[in-house]
Amino acid sequence: MQHKQNYMEKLELKRQGMLAAGLVSDRFPGISSIVFRMTYYQKTSDPILMVRTVNFFPTDYACFRMDCMREECTNGGFDLAPIVSSLVKTRKKSVKGKIVCNGKNENLRPGHASIAYEVSVQYNKEPR
């Protein structure tokens, strides 16, 4: 029963985070789409954990925090919000990079997981 309660608390925290982030259309009114292409890596014998593409549109929540895929990771994850903000602020269309998870657990080594990402932003067309 304790596991179910912890899961429900985690879901509620995630929901609150999404609501606090607001909609893409509110935070970035000139954006028509944001695309994240990510490869999740872990420090194991099979380093590529997952390849994933996530699309955000104006009607989606602007919650650009991706969880660490290691179940035993505590308070980890990857916050891509500053990357999106920087792209929009400079009116660039894309950026590539890598982020390391800083989550903690006595069974995990520092840098136990990372993602290589490419973020692409599509801007609304300027009226003529």
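Visitor: By class, how many nonpolar, polar and charged residues are in the lining of the second largest pocket?

Guide: First, the basis. This is a predicted model, where local features need pLDDT of at least 70, side-chain atom pairs count only at pLDDT 80 or more, and totals for chains, interfaces and linings use all residues. Residues are numbered from 1 along each chain as its sequence is written, and side-chain values use heavy atoms, with hydrogens and water left out.

Guide: Now the classes. Ala, Val, Leu, Ile, Met, Phe, Trp, Tyr, Cys and Pro count as nonpolar; Asp, Glu, Lys and Arg as charged; the others, Gly among them, as polar. Here the lining has 7 nonpolar, no polar and 4 charged residues.

Visitor: Which element gives the largest share of that lining?

Guide: Strands are DSSP E runs of at least two residues, helices H or I runs of at least four, numbered from the N terminus. Strand β2 leads with 3 residues.

Visitor: What is the volume of the largest pocket?

Guide: A pocket is an open set of points on a 1 Å grid over the protein atoms alone, where a 1.4 Å probe fits, with protein on both sides within 12 Å along at least five of seven lines; lining residues have an atom within 4 Å of a point. Volume is the space filled by probe spheres set on the points, which are joined across faces, edges and corners. The largest pocket has about 730 Å³. Among its 17 lining residues, Lys10, Lys14, Arg65, Asp67 and Gly76 are the closest to its centre. Helix α1 gives the most, 6 residues.

Visitor: Is Thr39 buried or exposed?

Guide: Buried means under 20% relative accessible area, exposed over 50%, partly exposed in between (1.4 Å probe, protein chains only). Thr39 counts as buried because its relative accessibility is 17%.
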